Amino acid sequence: MSVRFVTRSVHAYLDYPVAIALMVLPFVLGLGQSNPLALWLSVVTGAAAFVLTVLTDHHLGIWRVLPYKFHLAVDLLVGITFLFAPSMFGFSGLDAAFYWLNGAAVVAVISLSAPEQRVAA
């Protein structure tokens with residue numbers, strides 16, 4: 001069994017709940033104590049992630065206009081941004097932990113994503 005077990009299907013099932021969590025959890029956790037951007041960066045990213053998922057070419061996409069590889073590239077960019085956000089914007093405490101944990105989780109999911117299966121012609 002390959003270590004890269006996150007298939008396109010598994011990824012699709014993760015997308016919607018993660019997007020919603022990125023929009024809701026900052027309010028539940030009271031983020032923004034060290035910098036108001038700590039609250040809004042996640043909310044805006046969650047809204048963008050929801051739109052990205054709706055537009056991605058996978059079985060849970062509604063308008064499948066964006067390639068899955070593009071989706072993965074955007075996810076990786078978000079993960080890296082979240083990892084560096086505490087240093088770039090002066091987040092501390094729970095604000096910083098939220099971004100480090102989410103950034104690490106996103107980068108891990110991308111790292112564990114299975115390569116696309118090519119269809120034989």
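Trainee: Which residue just after α1 takes a positive phi?

Mentor: First, the ground rules. This is a predicted model, where local features need pLDDT of at least 70, side-chain atom pairs count only at pLDDT 80 or more, and totals for chains, interfaces and linings use all residues. Residues are numbered from 1 along each chain as its sequence is written, and side-chain values use heavy atoms, with hydrogens and water left out. Just after α1, a phi of about 70 degrees is taken by G30.

Trainee: What is the distance between the end C-alpha atoms of α1?

Mentor: Helices here are DSSP runs of H or I, at least four residues, numbered from the N terminus. The expected span is 1.5 Å times one less than the number of residues. Helix α1 covers residues 8-29, 22 residues, so it should span 32 Å. The model agrees, with the end C-alpha atoms apart by 30 Å.

Trainee: Where does α1 bend?

Mentor: The bend at a residue is the angle between axes fitted to the seven residues ending there and the seven starting there. In α1 that angle is about 35 degrees, and a proline, P26, follows within four residues of the bend. The bend sits at M23.

Trainee: Which helices are included in what covers the buried residues of α1?

Mentor: Buried means under 20% relative accessible area, exposed over 50%, partly exposed in between (1.4 Å probe, protein chains only). In α1 the buried residues are H11, A12, D15, Y16, A19, L22 and P26. Contact means heavy atoms within 4.5 Å. The cover includes α2 (37-55), α3 (68-89) and α4 (93-111).

Trainee: How is α1 oriented to α2: roughly parallel or roughly antiparallel?

Mentor: Axes are lines fitted to C-alpha atoms, for helices over the stretch in contact, and angles run from 0 to 180 degrees between N-to-C directions. Angles under 35 degrees count as roughly parallel, over 145 as roughly antiparallel, 65 to 115 as roughly perpendicular and the rest as oblique. The axes of α1 and α2 come within 8 Å and cross at roughly 160 degrees. That makes the pair roughly antiparallel.

Trainee: What is the handedness of the crossing of α1 and α2?

Mentor: A crossing is left-handed if the near helix is turned anticlockwise from the far one by less than a right angle, and right-handed if clockwise. The crossing of α1 and α2 is left-handed. On the α1 side, the contact residues include Y16, A19, M23 and F27; on the α2 side, they include W40, V43, A47 and F50. So, by that definition, the answer is left-handed.

Trainee: How are α1 and α3 set to each other?

Mentor: Their axes come within 13 Å and cross at roughly 45 degrees. The contact is made by R8, H11, D15 and L22 of α1 and Y68, H71, L72, D75 and F82 of α3. The two helices are therefore oblique.

Trainee: At what angle do α2 and α3 pack?

Mentor: Their axes are 12 Å apart. Among the residues that meet are L37, L41 and L52 in α2 and F70, V74 and F89 in α3. The pair is therefore roughly antiparallel. The packing angle is about 180 degrees.

Trainee: What is the relative accessible area of S42?

Mentor: S42 lies in helix α2. Leaving aside neighbours within four places in sequence, S42 is in contact with L22, M23, P26, F82, F98 and Y99. S42 is buried, at 0%.

Trainee: Which residues does T45 touch?

Mentor: T45 also belongs to α2. At 13% relative accessibility, T45 counts as buried. Not counting residues up to four places away in sequence, T45 touches L22, V78 and F82.

Trainee: How far apart in space are E116 and R8, C-alpha to C-alpha?

Mentor: E116 is found in the segment after α4. It is partly exposed, at 34% relative accessible area. E116 touches R8 and Y68, not counting residues up to four places away in sequence. E116 and R8 are 108 residues apart in sequence, yet their C-alpha separation is 7.9 Å.

Trainee: What separates the C-alpha atoms of S92 and Q33?

Mentor: S92 lies in the loop between α3 and α4. S92 is partly exposed, with a relative accessible area of 43%. S92 and Q33 are 59 residues apart along the chain, and their C-alpha atoms are separated by 8.4 Å.
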